[in-house]
Amino acid sequence: MCAAGRRWGRRQRALLWGVLLLAWEAAWGQLRYSVPEEMPKGSFVGDVAKDLGLQLPALSDRGVRIVSEGSTQYFALHGKTGHLVTAERIDREQLCESVQQCVLRCELVVEGEMQVYGIVVEVTDINDNAPSFREAETELKMSETTAPGSRFPLAEAHDPDSGRNSLQSYELSGDEHFSLAVQAGPGGDQRPELVLAKALDREGAAFHELVLRAIDGGDPARTGTARIRVTVLDANDNAPVFSQAEYTMRVPEDVPVGSVLVTVTATDADEGLYGYVKYSLKKITQKASQIFYLDSDTGTMTLLQSLDFEKGDSYELEVQSHDGGGLFDTTKVMVIVTDVTDNVPEISVRSALSEISEDAPSGTVVALLHVRDRDSGPNGEVHCSVDAGVPFRLEKSYEDYYRVVTARELDREQVSEYNVTVRAADGGSPPLQSSAVLALRVLDVNDNAPVFAQERYSARLSENNAAGALVLTVRATDADWGQNARVRYRLSEGRVRGAPLSSYVSVQAETGALYALRSFDYEEVRELGLWVRAEDGGAPALSSNVSVRLLIVDENDNAPQVLYPPAAPAGAVSGGGWSGVELAPRSSEAGALPAGSLTRWLVLAVAAVSCLFVAFLLLLLALRLRRWRREQLLAAESGALRGVPVSHFVGIDGVRAFLQSYSHEVSLTADSRKSQLRFSGGSCCDTLPARPPPDEPAPLLGQEDPA
C-alpha cells in the first residue's frame, strides 16, 4: 500500500514538472509535443490555442498559420479548435534514418501581431518494420580442415525502427555442425557469427543448409530470415590480409560523380584459386549502397551520386576480402564528408504588409522573415542586411527569424513606394548571397495644406462688364494624394457698400475661376479686395488663403452736364427757366458777362475766396522766413551767451529756454554784423526788464571782448 502511494506521488510530481516545463517553454516562445509515426492525416498533436492563450474567434482574424522548413508540411492548425494536427502521414524511418530521437520543427506565425512561436514535435517509433537481411541467401565456403570453434561473420539484419522495436536478437537453425554467437559492435550493434561446432567432412557432407532468423522487440515481435549455404572445400592454408585495418578519408561534398574515393588492398600468400582475392561490401545501409560502388576485382571504391553534407556527413562501410578457398578478412572504411559553401542562404517571407500609412510610428513591423543556410559551421552562418538609404532596419526575432521594421517616420510626398531588398550572405569563401524584395506602398495622410501658385492675385476689369464675365483663375495644389489632394475653392465672407461680397463675385469650387456676378460701375466701385480659400478633401480638412485685388477700369460712359443755368423744363411757359438765349444791352463792352445778378455774385464770391487763399499763403510764407532769419542770427554766434551753463537751458518744441531768468536786450540793425545783445547787471533774476539801464552800453555781438 505504501509502495503504491509512493508510485502515485512520483507520477503526480512528474506530471506537475511536465506541466511546468510546458508552461515555461510556451512563455519563451516554444512548445513541445510528441506524436507516434504513421498516424492518419488530421490526427491530434497538441492544443496550441490553449497552450499559448489564444482565443478561438481571433485565430482567423489574426492570420494564424503553421509554417515549416522543406517542401512538405507535416502539421496544420485546425481553425475551429486551435489544435495542432498532422497534415501528412509521417514515416519516422524515412525522416530520421539514423537518428535515435526524431524531432520535427515548425513555427506558429501570428501575422496580425507579427509574432512567431517555435513548435517541436517528437515523432515516436512504432514497430512497423521487420528486420531484414540485405541478401536473402548467402553462400559460405569452408575448408574441411577448419578447426572447430572457428568463427565466420554473417550478414547483419537491418531494422529501421528504434528503441525496443529495433533488432534485438538472432537465432540459428538447421545443422548440428554449426552454432550461433553474437558479438557487440563498437556502436552497440549486434554482429552474428557462425561458429563451427563440429569438424567438417567433405566426403560425409559437401553442403550444409542453415537458416538465420533476426527478431525485434516489438509486441508482437517481427522477424526476418536469411538462408545460409555452407560449401565444404579442400584445404586452404592462407587467408587474405588487408593492408590497413581501417581506411579513413575526408571527402568534400562537391567531389564529382565517378571520382575514386579509395582503393582497398588485400593479399593472399596462396597460389592459384586460393590466392585470388575478391572484394565485397559486407556492411552497408540501403542509402549508402546507392552512393558508393566497390569494384570486386580491384577494390576501388567510386562515387555513384553526388554527396550532400546536409543529408549525410559520414558513412561507415565494412569491406570483406575472400579468396577462392573461402578464407576472408575484413576492414572498415570510414568516409567523412566535409562541408563546402554550396548552399545559398534561403530567405522565406512568413508574413508581410503590402501597404503602410505614412504616419506609422518608428519601429512598426512590416515583414517577418525566416533565413537559413543548409551549410554548417562558418559556411552556414548568415548575415542579413537591408540596402542603405531606406527607412527600414532588421531586428532579430526568434532563432532564424527577422523582423523588418521602420527606422523613422515615412513621407509619402517624398517616396510613395518602396522596394525593400533584404540580403543574406553566408560566411563561406567566397560568400554566397541571396535576396528578397518586399514591395511596400505608402498610404497618404492629410498632412499638407493646399499651396497657391502665387502669393497674391490682381486683375483689371473694365466697368460695364457683362454679368458672369471671367475675372481671373486662382490655382492651388496639394502635395497629398487622392481625396486628400482634391482642392475646392470658396470666397471668404465680406461686404461691399453694405452688400454681401458674394453678390458681386463668385468662385467656381472645382476650377478656382473667379466670375463677376454684376456689371461694375467705376463711379461707384473703383477697387474690390477679397480673400479666396483653398480647402482639401481630408478629414479634418486643411486650407490656405490668398488675397485677390480687383481694379475697375474707367470707360468714357458719361456725357458732360450743364449744371447752371438750369434748362427750362419741357413745355414750360416763358419766364419759368432759362431758355438758352441771353439778351445783352447794345452798350455792353467787350468782356462783359451776358448773365444776370446771380452770376455776378457767384463770380465775385469765387474771386474773394481766391484772394483770401493767396493772402493766407503769403502770410504763412512770411512767418516761415522770419523764423528762419531768427534761427540764422542765433546760429551765427553760438557762443553769444557765454558764461551760461548748458544745464540752464531746456528744450521745448525745438526752442531753447532758460531754466533761470536773464535780463538781456537785443539790438538789431540793417547790418547784421552790428547787432547787439546786452545783459543786465544782475545775471540772474526772476524777471526780464524791458530794456537795459542807460549807463551800461551793450556790447555788439560782432565785436570782440577787449579783455
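What follows is a short chat about charged pairs and surface patches in a predicted model.

Visitor: Before we start, what kind of model is this?
Guide: A predicted one, where local features need pLDDT of at least 70, side-chain atom pairs count only at pLDDT 80 or more, and totals for chains, interfaces and linings use all residues. Residues are numbered from 1 along each chain as its sequence is written, and side-chain values use heavy atoms, with hydrogens and water left out.

Visitor: Okay, how many salt bridges does a search of the whole structure find?
Guide: The search finds 23. A salt bridge here is a side-chain nitrogen of Lys or Arg within 4 Å of a carboxyl oxygen of Asp or Glu.

Visitor: Which residue does Arg191 pair with?
Guide: Glu156, with the closest N and O atoms 3.5 Å apart. This pair links distant parts of the chain, 35 residues apart: Arg191 is in strand β14 (residues 190–196), while Glu156 is in the loop between β10 (151–153) and β11 (157–158). Strands (E, at least two residues) and helices (H or I, at least four) are DSSP runs, numbered from the N terminus.

Visitor: And what about Glu346?
Guide: The side chain of Glu346 meets that of Arg372 in a salt bridge, 3.1 Å from N to O. Glu346 lies in strand β26 (residues 346–352) and Arg372 in strand β28 (residues 365–372), so the pair ties together parts 26 residues apart in sequence.

Visitor: Is Arg372 buried or exposed?
Guide: Arg372 counts as buried, at 14% relative accessibility, whereas Glu346 is partly exposed at 31%. Buried means under 20% relative accessible area, exposed over 50%, and partly exposed in between (1.4 Å probe, protein chains only).

Visitor: What does Arg393 pair with?
Guide: Glu395, again through a salt bridge of 3.1 Å, N to O. Arg393 is partly exposed at 34%, and Glu395 is partly exposed at 26%.

Visitor: Switching to the surface, which residues make the nonpolar patch?
Guide: Phe613, Val614, Phe616, Leu617, Leu618 and Leu620 make a patch of about 600 Å². Patches are made of residues with over 30% relative accessible area and no salt bridge; like charges are joined within 9 Å, nonpolar side chains (Val, Leu, Ile, Met, Phe, Trp, Tyr) within 5 Å. Accessible areas come from the Shrake-Rupley method with a 1.4 Å probe, and for residues only the protein chains shown count as cover.

Visitor: Where does Leu617 lie?
Guide: In helix α6 (residues 597–636). Leu617 counts as partly exposed because its relative accessibility is 41%.
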